[in-house]
Amino acid sequence: LYAQNIESLDDCNKLHYELLVRMQDANGAIIPPGAFLPAAERYNLIVQLDLWVIAKAFSLLHLNPSFLAKVDFISINLSGQSLTDERVLAFIIFKLRQFKIDGKKLCFEITETAAITHIVMAEHFIVELKKLGCKFALDDFGTGLSSFGYLKTLPIDYLKIDGIFVKNIVQDKIDYAMVKAINEIGHTMEMQTVAEFVENNDIKKMLIKLGVNYVQGYSIHRPQPFEEILGL
């Protein structure tokens with residue numbers, strides 16, 4: 001497990017990390033997710049991978065209560081296949097109870113495409129976990145089917161603006177307009193917004209001006225092993 005800080009532009013005291021998965025090869029070298037996640041999805045191994053991430057994350061959080069106490073919440077990514085698998089929902093509920101973790105400390109991220117493709121199952125999944133206090137973020141918003149209408153159906157807490165628009169907002173008027181529109185719609189629907197791919201201070205300043213709530217990217221924090229962040 002790796003983790004990347006998501007910086008709050010509203011309250012600098014809030015700590016929020018997104019958990020990311022990496023693979024180690026036979027020599028211990030780190031393989032990035034783009035090199036193995038597509039294969040995991042193609043060969044129906046992505047649900048097993050999600051279950052491993054959930055189990056590992058919950059165990060580490062349980063063993064580090066002082067860290068859990070000081071973070072606002074931790075984000076965990078879920079694949080579209082996991083949204084349609086009742087075992088995953090049951091597993092999360094079981095682990096929450098087993099480790100006595102407050103659901104308010106967790107945010108599950110699902111992609112826009114997965115949410116729309118499995119809209120009924122996604123709504124059921126979200127509603128059940130929100131009963132336990134969990135939050136939800138819609139990831140990569142703006143590059144999928146991009147219908148604002150379905151946002152009324154899904155009780156989402158955070159809207160993550162896809163980095164493909166964010167990284168060029170200083171130079172590109174269209175990208176600027178896209179980020180501005182998504183941010184305003186998100187706020188109107190009482191969601192907080194997160195801008196991805198924030199790679200320099202000029203982008204960050206523009207996002208502050210637009211009123212985006214959170215920023216994430218290499219200029220904010222490069223992903224590092226989660227156990228390093230925990231001080232293990």
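Let's start with the core. This is a predicted model, and its largest nonpolar core has 66 residues. Which residues have the most contacts inside it? Phe58, Ile76, Ile92, Phe108, Leu207 and Phe226. Helix H2, residues 46-63, gives the largest share of this core, eight residues.

Take Phe226. Setting aside residues up to four places away in sequence, Phe226 touches Leu1, Tyr2, Ala3, Leu19, Leu60, Leu61 and Phe67. There is another core, apart from the largest one, with seven residues. Ile6, Phe73, Val194 and Tyr214 are among them.

Next, Leu207. Leu207 sits in helix H10, residues 201-210. Ile203, Lys204 and Leu210 are buried there along with Leu207. Look down the axis of H10: the buried residues fall within an arc of 120°, so they line one face of the helix. What does the face turned away from that buried side carry? Exposed lysines: Lys205 and Lys209. And the cover over the buried residues of H10? That includes strand E2 (7-8), helix H8 (163-166), helix H9 (173-188), strand E10 (192-195) and strand E11 (214-215).

Last, a helix pair. Helix H5 is residues 86-99, and helix H7 is residues 119-130. Their axes come within 11 Å and cross at roughly 10°. An angle under 35 degrees counts as roughly parallel, so H5 is roughly parallel to H7. Who meets whom? From H5, Glu86, Val88, Leu89, Ile92 and Ile93. From H7, Met121, His124, Phe125, Glu128 and Leu129. The contact residues divide into seven nonpolar, one polar and two charged. Note Ile92: this H5 contact residue is also among those with the most contacts inside the largest core.

Technical notes: Residues are numbered from 1 along each chain as its sequence is written. This is a predicted model: local features need pLDDT of at least 70, side-chain atom pairs count only at pLDDT 80 or more; totals for chains, interfaces and linings use all residues. Side-chain values use heavy atoms; hydrogens and water are left out. Axes are lines fitted to C-alpha atoms, for helices over the stretch in contact, and angles run from 0 to 180 degrees between N-to-C directions. Helices (H or I, at least four residues) and strands (E, at least two) are DSSP runs, numbered from the N terminus. Angles under 35 degrees count as roughly parallel, over 145 as roughly antiparallel, 65 to 115 as roughly perpendicular and the rest as oblique. Contact means heavy atoms within 4.5 Å. Ala, Val, Leu, Ile, Met, Phe, Trp, Tyr, Cys and Pro count as nonpolar, Asp, Glu, Lys and Arg as charged, and the others, Gly among them, as polar. A nonpolar core is a set of buried Ala, Val, Leu, Ile, Met, Phe, Trp, Tyr and Cys residues joined through side-chain atoms within 4.5 Å. Buried means under 20% relative accessible area, exposed over 50%, partly exposed in between (1.4 Å probe, protein chains only). The arc is that of the directions from the helix axis to the C-beta atoms.
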